[in-house]
Amino acid sequence: MNEHALKLATYWRNSLADAENGNGALDASQAEKLIEVPNCNVSSGRLPVELAEMLFMGEPQTAATIKVTLRPLVYYQRLEHGKARKDMPAVVTPLVCDVLVTRDGRLYPTSRVLLPRDILEPLDQDNFTIGTQADLDAFLSTEEVPCFEPLAAEQTQDEEEHHAQWRTYLHFCWKMLRTVSNGWKHNQDSLMHANHGLLFKEDKPSGFSQNIVRLYDYLRHQKPKAQLFERFAQHTPSLTEPCLAPHSGFAVRLAHAGDEYALASAQRDALTHLLVGEAGDVLAVNGPPGTGKTTLVLSVVASLWARAALAGGDPPVIVASSTNNQAVTNIIAAFGKDFAHGCGPLAGRWLPEIKSFGAYFPKASAEKDMSNAYQTQAFLTGLESPAYLEQAQAQYLAKAIEAFPDAQEPGVRDVVERLREQIQVRHQQLLGIEQAWPALVAAREAVMMELGPTPQATIAQRELSCDEQRQQLCAAQQRLKNFRHYLAHESLFYTLFNWIGPVAAKRLRLAKLQLAETDPLLQGATSIAEIENYLTSAEAVALATLAERETRLRLGQQLLATEQRELATWRLKIAVLAQASEKPAAQVTLAECDVWADTSVRFEIFLLTTHYWEGRWLMELAEDLPTILKRRGKNGAKTIAGNWRRWMKLTPCVVATFFRLPAELLCKRHENGNFVDDYLVDFIDLLIVDEAGQVLPEVAAPSFALARQALVIGDTQQIEPIWSIPTSVDIGNLASAGLVERSQVKHGYAAFCNGGHSAASGSVMAVAQSASRYHYDPELARGMYLYEHRRCYDSIIAFCNALCYKGKLQPRRGQKPAGGLPGLGYLHIDGLCRQDNQGSRENLLEAQTIAAWIQANEAQLRQRYGNKELCEIVGVITPFSAQAATVAQACAALGIRAGKGASEITVGTVHSFQGAERPVVIFSAVYSKHDDGGFIDRRESMLNVAVSRAKDSFLVFGDMDLFSQVPPGKPRGLLAQFLLANPTNELQFAYQPREDLGTGLSHLHEWVEHDAFLAQTLRTARQQVQIVTPWVRLRCLHSTGALAHMRDTVQRGVQVEVYTDLLLNTEPTPSNPGGDPKKVQQFQSVLAELKAQAIQVRVVKKVHSKLLMADQELLCVGSFNWLSAQREGDFVRHETSMVYRGKAVRDEIEVNRNSLAKRVTPYT
């Protein structure tokens, strides 16, 4: 292993240990492993002498200090009625400090002090938090840690001086906690302050990352040759190579997982580039949502499994891994349900009890539970018994006889050989097609080059040209013959006396009389010899021209014949594809054959491969079962490797998290009389990393040393990892590992981060993009790229396409059918966003509205989706964990099961839905006019993932006035453009009451009550009235009497303001940005009429609230368009509004007035 890779291994190992040791939420067992330090010692900055001595046990005598992790504040959960709260950690330690301990027990702080990442938003699960990572970063960017170092050995430090410096450090820690947690109070979360701190000195790795750290330590000490790890760790991007031509490797792509759908072209290209890869290759495949990443993985596994069967050796070892539980279970579920069963005697499995093509290796403690749902290691070892072997052999041979009825009492070995022969036959069929196509293309190109686009016409023209030339040759020959005949019969006198000038002249004149008078060359000849030479030459030229034309004619005919032969060969080779018979062979392309081959020949190869490896497994078991059983529980390299290879014959892919995988390839070797750790380095033939954009490089990196080649699939435009290491700590770790120069931190750190290797900002997907040799689409990220999207309706994925993918995604599902919910829809809610004690946000009205909407639409949704359970139809996504809890509680209050359980509607942050999907997704935006923020807009990934989870409908529940104000260059602003593009996207639903606005609540229903209420409000208002209505219609103003009521109110000295929407009233379009002329004229008429009555009109861009506000004590909120709603006819809607009165509404009225004032736009 090279030096740079070793440095990175050290850096990643320490980063992982820092993150693991720095958790703030602990369970009781974790806390028990830490050392209690009395609060008095924490305050003084000095440990008891006996504790210091214990910490230095085993350390070199020359060590003056050791590094430990100190948690100066510890809070334990207070039991309620003797029971612990399930939603709270047992122990909370909100500060983690790296400090140095001297032999006399004094503590010296380092620069690393922080609030643990696992209790800061955002998180991938809705766990306990006290603040946000952004606030911590902001604090550390402006505040410097007051650290100080121990003095040199010959110096002594005054006790008071040390204590003062330590107290300064502690005051800094308390300030950081107060600032980042927004004054978090532990007692509000049922926590009680312990009388001690907790201290940790790393002795051996523990916790979730212990298997990873253990492998890192092995790599650092043993330095094995690990080509793939070195490629993963390389500090410069790989040189870009040209991508293979489309449909390359036609016969290399041996197998396909299904008989119904073929791979898309980009999937096929990615598969080919993987299959032609070499040891040490990392292939990045960028897979935007819904583009068939799982389908690609299945075909990769099928092709590699088949290739090994064709070769007749051992099966490949393929492992799929990730860190996200959702990703891991998605993969293993796909291996159970997405490989097609097929039909006929080759269909399905020939061995009993095996239901999946994947095995799941969970952590040991979860093995029992997981074995109920998945094929685990226990399942695979359970098959290795004499009883199962006997049963499996009988069933296998019975199935084989059905498939090969001509076989006479075959044995397992006979069947295996027959299956391999069939694989070879089909491989030859693929090779035949692959080889026939370029030969046909070359023949066609030769014909095109020689004969042009109309070869038959060219041939006919050449034949005609040859005929014409033959006639010219005959004429030339006849002239020469005639001339020579004349010379043979001329008078001897002229021949004998030709030397006499007059005789020669007369002879020449007589000779010319025999020739055509129109030939000037002949008439100008000066001698008989010259004439004869000319006629001879003309004959020769005519003869040569004919030969040339006949040669070109024969060449064209030969090329056409060659094309026909190649076409006949092509017709013969593609005849193995049933679909090829549906059109003339000359019209069939290799691209079409590639599609047809997937669902026919390649799928047949997959079925044959399945039964081939089943037979190979039976053969091995029959030969070695006693030895296998004897070695059960042994952990030598030979035994572990043998187990894996054997299991791969039944399940071609093992799925395990990166936290578990190193332990599965851990073995022991004998060294100096002891058994020491060893690993099967370079053993996995292909490591597949799924959802790689979410995987931290330090978590996955050591597993790359266990593999030869890697397929890394993900999307850096989706949710990024939860980074646990702040930038300042990351830089320190890099400098300590020698990866950046302390004098050039700024430049060196930026360059390092660009490769994706950073524990503070990197991901496995980013590393793979840099390491990949191919750049499929120069306008997008490095690596291969998948384009065809089939999950969402086109109108839904169009937003993601515009947000993240530069329009490159190719929607394939189609437009949403008319009726039902819109593809992109919204419900405007005038709620109240509040920040909770833990720094998260919630909006109670939004949550209650969501719950009420789900309850009201449950029957209709279940009917539309085949009576499925609600949890299979609807999911709720929100940016904030506090809102997730609030929505779940609101649902529970209405009897709706919601949360994270198997039969509950999933309600959670966007991380909860990574890799998942639902027909209907509700997005609870939370922010309101009272408390807006940029969290949703910080990265495109949040809305990209949220929207792309929805197959049929993505519905935003929130304050649309806020969405409308966000610039279109930001994610919310762009989403607003899509949502508001069509008025039919707005959902109609009864407004829910705001509990925070006091008890003076009444309701209005239908237009009659609303009109009467408006008239009464205008009559009784004392100072001011604001009417907020998206549309204003002059006819409505007159017919309802609203104009007259407003005029009377103004005449009483009360200010009346109408706020209305410019865009909705004028309806501009891209082709007519000024608005529809008729609508514009109507709007201007309205404005003129209102102005004439001294009614002030405030034109606002994009207003969604329908409000009526009077003075400081009346607020009416609802769905009623006050000055435009239909009062008669088919378009009369059911309207509901809430009327709030009293002092409690003053602040709310002020918030709305201020919001409106900020959005007023000039209009003339």
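Start with strand E11, residues 196-200. Five of its five residues are buried, so E11 is largely enclosed by the rest of the structure. Buried here means under 20% relative accessible area; exposed means over 50%, and partly exposed is in between, with a 1.4 Å probe and protein chains only. Helices (H or I, at least four residues) and strands (E, at least two) are DSSP runs, numbered from the N terminus.

Two notes on the source. This is a predicted model, so local features need pLDDT of at least 70, side-chain atom pairs count only at pLDDT 80 or more, and totals for chains, interfaces and linings use all residues. Residues are numbered from 1 along each chain as its sequence is written, and side-chain values use heavy atoms, with hydrogens and water left out.

Back to E11. Which residues point which way? His-196, Leu-198 and Phe-200 point one way, Gly-197 and Leu-199 the other, and all are buried.

Now the partners. Strands pair if DSSP finds at least two bridges between them. Strand E2, residues 35-38, runs antiparallel to E11 and is joined to it by four bridges. Ile-35 sits opposite Leu-199 in E11. Strand E3, residues 65-71, also pairs with E11 in the antiparallel sense, over three bridges. There, Arg-71 is opposite Leu-198.

Next, an open sheet. It has seven strands, in the order E14-E15-E13-E18-E19-E12-E20, and the pairing is parallel. Which strands stand at the edges? E14 (358-360) and E20 (784-785) do. Each has a single partner strand, so one side of each is left without a neighbour in the sheet. The partner of E14 is E15, residues 653-655, paired in the parallel sense over three bridges. Within that pairing, Ala-359 has Val-654 in E15 as its bridge partner.

On to charges. A salt bridge here is a side-chain nitrogen of Lys or Arg within 4 Å of a carboxyl oxygen of Asp or Glu. How many are there in the whole structure? The search finds 68.

Arg-790 bridges to Glu-788, with the closest N and O atoms 2.6 Å apart. Arg-790 counts as exposed, at 51% relative accessibility. Glu-788 counts as buried, at 15%.

Lys-1079 lies in helix H40 (residues 1077-1092) and Glu-1067 in the loop between helix H39 (1062-1066) and H40, so the pair ties together parts twelve residues apart in sequence. Lys-1079 is partly exposed, at 25%. Glu-1067 is also partly exposed, at 39%.

What about charge on the surface? Lys-630, Arg-631, Lys-634 and Lys-638 gather in a positive patch there. Patches take residues with over 30% relative accessible area and no salt bridge; like charges are joined within 9 Å, nonpolar side chains (Val, Leu, Ile, Met, Phe, Trp, Tyr) within 5 Å. Lys and Arg count as positive, Asp and Glu as negative; His and the chain ends are not counted. Lys-638 lies in helix H23, residues 637-647. Lys-638 counts as exposed, at 64% relative accessibility.

Now some backbone angles. Most residues other than glycine have a negative phi. Lys-223 has a positive one, near 50 degrees. Lys-223 is in the loop between helix H7 (210-222) and helix H8 (227-233), and counts as partly exposed at 44%. Glu-409 also has a positive phi, about 45 degrees, and is not a glycine. Glu-409 is in the loop between helix H14 (386-403) and helix H15 (412-451). Glu-409 is exposed, at 78%.

Last stop, the loop between H7 and H8 again. Ala-226 is found there. Is Ala-226 buried or exposed? Buried, with a relative accessible area of 2%. How far apart are the C-alpha atoms of Ala-226 and Ala-916? They are separated by 35 Å, and the two residues are 690 residues apart along the chain.

Note on methods: Accessible areas come from the Shrake-Rupley method with a 1.4 Å probe; for residues, only the protein chains shown count as cover. The place of a charge is taken as NZ of Lys, CZ of Arg, CG of Asp or CD of Glu.
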